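This report describes selected local features of a predicted protein model.

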Amino acid sequence: MKETLVILAAGMGSRYGGLKQIDTLGSNGESIIDFTIYDAIQTGFKKLVLIIRKEHEEIFEEHLVKKIRPFIEVEYAYQDIKDIPKGIEIPTDRVKPWGTTHALLACRNILKEDPFVVCNADDFYGRDSFKKVMDYFHSDTPDNEYCMIGFKVENTLSENGTVTRGVCKKDENGYLSNIKEVMAIKWNDNHDGAAYEDNGTYVDMEKATPVSMNFWGFKPSIIGKLNEIFVNEIGEGIKTNPIKYEALLPNHVGKLVKEGQAKVKVLTSDSAWFGVTYKEDKDSVVAKLQAFKDQGIYPFDLWEVK
């Protein structure tokens, strides 16, 4: 088994104001993605697939990949706005790609045999998340059963603006029963819990509400199911919202669950997520990564060849 880490790194960073996937945040020139890959290697992952925009390959190679090749097998996949079904016309003013499901489908000719984790390039999940999914990969489960890491919503908020999260519900056996991508989640007015925007007003959420941070444990069987949804949906999506339509992975996994095509075990984490949604998040992330090094959780040089 060649457990694989798939990182969604093709985003444009519009809210952040730059290519945040490789922005320097660690004391030795690392980005969050360095720590993610390091944690995956420490827990036994053997291959990395980076989903990027083709025009960013050189900068990823220079700033990241050449450092990590001695430690893990690396392959690129390219999210391309033109990679859509025949007969679909791209709106003239459309710039951004078609969302996270579309990004994962860029790997459809790569992810054919081994289980894989899918996660974001600009989110820090913690090593425990990788360990829990690795343990799941080595358990006996049906081919249509997958898993995800669920974080408490209060552990995933930004001090600098609203965030989008996949809000989850679980059944009595700990399996995902519903997931919905909810936008504009923030701290409530008392700063002791979360709230989300609903028709122009903010509604409080339970502090321990589990949310997806796009950390999924999949088997290759998911690819065909997601491709079918994407092909059936994109035409209407473009017609309804030509500039901003996105095929979102949490919503599509939820659809598969509702239709009985998939089961998803929710592996809960008490860890505090952090990331760089906004430029103002950077100083906080720098301090947290330095604290991890000071505590000995990470070495000063993640990629020192010994």
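Is glutamate 236 buried, partly exposed or exposed? Glutamate 236 has a relative accessible area of 47%, so the residue is classed as partly exposed. Glutamate 236 belongs to helix 5.

**Helix packing**

Two packed helices are described by the angle between their axes and the distance between the axes. Helix 5 covers residues 221-240 and packs against helix 6, residues 249-258, at an angle of about 105° with the axes 11 Å apart. Angles of 65 to 115 degrees count as roughly perpendicular, and helix 5 is therefore roughly perpendicular to helix 6. On the helix 5 side, the contact is made by Ile222, Lys225, Leu226, Ile229 and Glu233. Helix 6 contributes Leu249, His252, Lys255 and Leu256. By class, the residues of this contact comprise five nonpolar, one polar and three charged.

A second pair is formed by helix 1 (residues 32-42) and helix 2 (residues 57-68), whose axes come within 11 Å and cross at roughly 20°. Because angles under 35 degrees count as roughly parallel, helix 1 is described as roughly parallel to helix 2. The crossing of helix 1 and helix 2 is right-handed. Ile33, Asp34 and Ile37 of helix 1 meet Phe60, Leu64, Lys67 and Ile68 of helix 2 in this contact. The contact of helix 1 with helix 2 has five nonpolar residues, two charged residues and no polar ones.

**Cysteines**

A disulfide is a covalent bond between the sulfur atoms of two cysteines. How many disulfides does the model contain? The count comes to zero, where the criterion is a pair of cysteine sulfur atoms within 2.5 Å. Cysteine 107 takes part in no disulfide, and the nearest cysteine sulfur, that of cysteine 119, is 12 Å away. With 0% relative accessibility, cysteine 107 counts as buried. Cysteine 147 is likewise in no disulfide, its nearest cysteine sulfur being that of cysteine 119 at 12 Å. Cysteine 147 also counts as buried, at 0% relative accessibility.

**Positive phi values**

Most residues other than glycine have a negative phi, and most peptide bonds are trans. Histidine 191 has a positive phi near 60°. Histidine 191 is located in the loop that joins strand 8 (176-187) to strand 9 (194-198). Its relative accessibility is 42%, so histidine 191 is classed as partly exposed.

Asparagine 214 is not a glycine, yet its phi is positive at about 60°. This asparagine is placed in strand 11, residues 210-218. Is asparagine 214 buried or exposed? Asparagine 214 is buried, because its relative accessible area is 8% and the limit for a buried residue is under 20%.

**Residue surroundings**

Aspartate 281 sits in the loop between strand 13 (274-275) and helix 7. At 6% relative accessibility, aspartate 281 counts as buried. Which residues does aspartate 281 contact, leaving aside its neighbours within four places in sequence? They are Ser158, Asn160, Gly275 and Val276.

Glutamine 261 is found in the loop between helix 6 and strand 12 (263-269). Its relative accessibility of 29% makes glutamine 261 partly exposed. Apart from residues up to four places away in sequence, glutamine 261 touches Asn144, Lys225 and Leu256. Lys225 and Leu256 are also among the residues that form the contact of helix 5 with helix 6.

Alanine 287 lies in helix 7, which spans residues 282-294. Alanine 287 counts as partly exposed, at 47% relative accessibility.

| Residue pair | Separation in sequence | C-alpha to C-alpha distance |
|---|---|---|
| Alanine 287 and phenylalanine 274 | 13 residues | 11 Å |
| Glutamine 261 and glutamate 30 | 231 residues | 40 Å |

Note on methods
Residues are numbered from 1 along each chain as its sequence is written. This is a predicted model: local features need pLDDT of at least 70, side-chain atom pairs count only at pLDDT 80 or more; totals for chains, interfaces and linings use all residues. Side-chain values use heavy atoms; hydrogens and water are left out. Axes are lines fitted to C-alpha atoms, for helices over the stretch in contact, and angles run from 0 to 180 degrees between N-to-C directions. Helices (H or I, at least four residues) and strands (E, at least two) are DSSP runs, numbered from the N terminus. Angles under 35 degrees count as roughly parallel, over 145 as roughly antiparallel, 65 to 115 as roughly perpendicular and the rest as oblique. A crossing is left-handed if the near helix is turned anticlockwise from the far one by less than a right angle, and right-handed if clockwise. Contact means heavy atoms within 4.5 Å. Ala, Val, Leu, Ile, Met, Phe, Trp, Tyr, Cys and Pro count as nonpolar, Asp, Glu, Lys and Arg as charged, and the others, Gly among them, as polar. Buried means under 20% relative accessible area, exposed over 50%, partly exposed in between (1.4 Å probe, protein chains only).
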